[in-house]
Amino acid sequence: MTAQEISDKIIKKTGVNVFENSRRKEVIHFRSLLIYLLREKMSLRWTNISLFFKANNKNITHATVIHSHHYYKFYKDENPKLEDL
């Protein structure tokens, strides 16, 4: 499965556009899920994840990617829907 297929699946199942320029909690949570999957399941480097987001019109730095990945476990505790995907 490609990075684009994973992001499309998350968007389709949740109705949340993870590439949207938003700080809404649900967007942040599902964006963090995508970053977690890209890093842990696809072994993408931080910079490559950042470039993937930029290719989808979401400007995000590798530092923000690392931060989001780090907080995924906290978001997962707060939002059980993250584990259902």
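Which residues in α4 are buried? A few notes on that helix and on the salt bridges follow.

1. The answer first: V65, S68, H69, Y72 and Y75 are the buried ones in α4. As a reminder, an α-helix has 3.6 residues a turn, so positions three or four apart point the same way. The cover over the buried residues of α4 includes α2 (25-40) and α3 (46-55).

2. Before going on, keep in mind that this is a predicted model. Within the chain, α4 has the lowest confidence, with a mean of 95, while α3 has the highest, at 97.

3. Now the geometry of α4. The helix covers residues 62-78, and its 17 residues should span 24 Å at 1.5 Å a residue; the end C-alpha atoms do sit 24 Å apart, so the two agree. Do look at Y72, though, where α4 bends by about 45°. Y72 is also one of the buried residues of this helix.

4. H69 deserves a look of its own. This α4 residue has a relative accessible area of 18%, and it counts as buried because that is under the 20% cut-off. Setting aside neighbours within four places in sequence, H69 contacts I35, Y36, R39, E40 and W46.

5. On to the charged pairs. Side chains of opposite charge can pair when their charged atoms come close. The structure has three salt bridges, and E20, R24 and E26 are joined in a network of them. R24 pairs with E20, with the closest N and O atoms 3.2 Å apart, and also with E26, where the closest N and O atoms are 2.8 Å apart.

6. How open is that network? E20 is partly exposed at 28% relative accessible area, R24 is partly exposed at 40%, and E26 is partly exposed too, at 36%.

7. The remaining pair I'd point you to is K25 with E78, whose side chains meet in a salt bridge at 2.9 Å, N to O. This one links distant parts of the chain: K25 belongs to helix α2 and E78 to helix α4, 53 residues apart. K25 has a relative accessible area of 55%, so it counts as exposed, the cut-off being over 50%. E78, at 47% relative accessibility, counts as partly exposed.

Technical notes
Residues numbered from 1 in each chain as written. Predicted model: local features only at pLDDT ≥ 70, side-chain atom pairs only at ≥ 80, totals over all residues. Heavy atoms only, no water. Helix = DSSP H or I, 4+ residues; strand = E, 2+ residues; numbered from the N terminus. Expected span 1.5 Å × (residues − 1). Bend = angle between axes of the 7 residues up to and from the residue. Buried < 20%, exposed > 50% of the residue type's maximum accessible area, 1.4 Å probe, protein only. Contact = heavy atoms within 4.5 Å. pLDDT = per-residue confidence, 0-100. Salt bridge = Lys/Arg side-chain N within 4 Å of Asp/Glu carboxyl O.
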